[in-house]
Amino acid sequence: MMEWFLNRTPRERVILVAGGALALVIIVWQFVWSPLSNGVERLESTVAVQTRLLIDAQNAASIAPREAARPRSEQSLYVVVDRTARTHGVADAFTQTSQDGATGLTVRFTSAPFDALLGWLMTLESEHAVTVDQATFNAMQQPGLVSGQVLLRRY
């Protein structure tokens, strides 16, 4: 091989050396540098996603104890719902209240003042750890009044 190379003219030798060097650079780029570079970018992206996930988990963990610390009444859900509804002036709009499992209560109402109803639901959540699992509201003819039902749960 060396004899063949040395038998070439100087111009051909320069072209062969330059072509070989160029081929070597292309091979190294294609099969070594590019896969390593893409792997690093993929790993950096994965680290960024995992970091965001960790931050979200830490934020959720810091919120959870505060939610667990919310006061929970020892009274039954029915009693809490009835007492707070009377306080907010929406109890007269209730047409039916029925138990839904061990921790649920379905309340149907008609002609309830919407603002007072929302205030009542916010009080249930913030002061008694009662959440709205499902809700249906229908507008009445008279502005500001609604009918519908809510499914309340205490966890």
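Rings of Phe, Tyr and Trp (its six-membered ring) form an aromatic pair if their centres lie within 6.5 Å; planes under 30 degrees apart count as stacked, over 60 as edge-to-face and the rest as tilted. The structure holds four aromatic pairs. In one of them, the ring centres of Phe94 and Trp120 are 5.3 Å apart and the planes stand at 55°, so this pair is tilted. Phe94 belongs to strand S1 and Trp120 to helix H4, so the pair ties together parts 26 residues apart in sequence. Both Phe94 and Trp120 are buried (under 20% relative accessible area with a 1.4 Å probe, protein chains only). Phe109, Phe114 and Phe137 make up one aromatic cluster.

This is a predicted model, in which local features need pLDDT of at least 70 and side-chain atom pairs count only at pLDDT 80 or more, while totals for chains, interfaces and linings use all residues. Residues are numbered from 1 along each chain as its sequence is written, and side-chain values use heavy atoms, leaving out hydrogens and water.

Helices (H or I, at least four residues) and strands (E, at least two) are DSSP runs, numbered from the N terminus. Two strands pair if DSSP finds at least two bridges between them. Four strands form an open, antiparallel sheet in the order S1-S2-S4-S3. Strands S1 (94–100) and S3 (130–139) stand at the edges with a single partner strand each, so one side of each has no neighbour in the sheet. Strand S2 (residues 104–113) pairs with strand S4 (residues 145–154) over eight bridges; Leu105 has Leu152 in S4 as its bridge partner.

Terms used
Buried means under 20% relative accessible area, exposed over 50%, partly exposed in between (1.4 Å probe, protein chains only).
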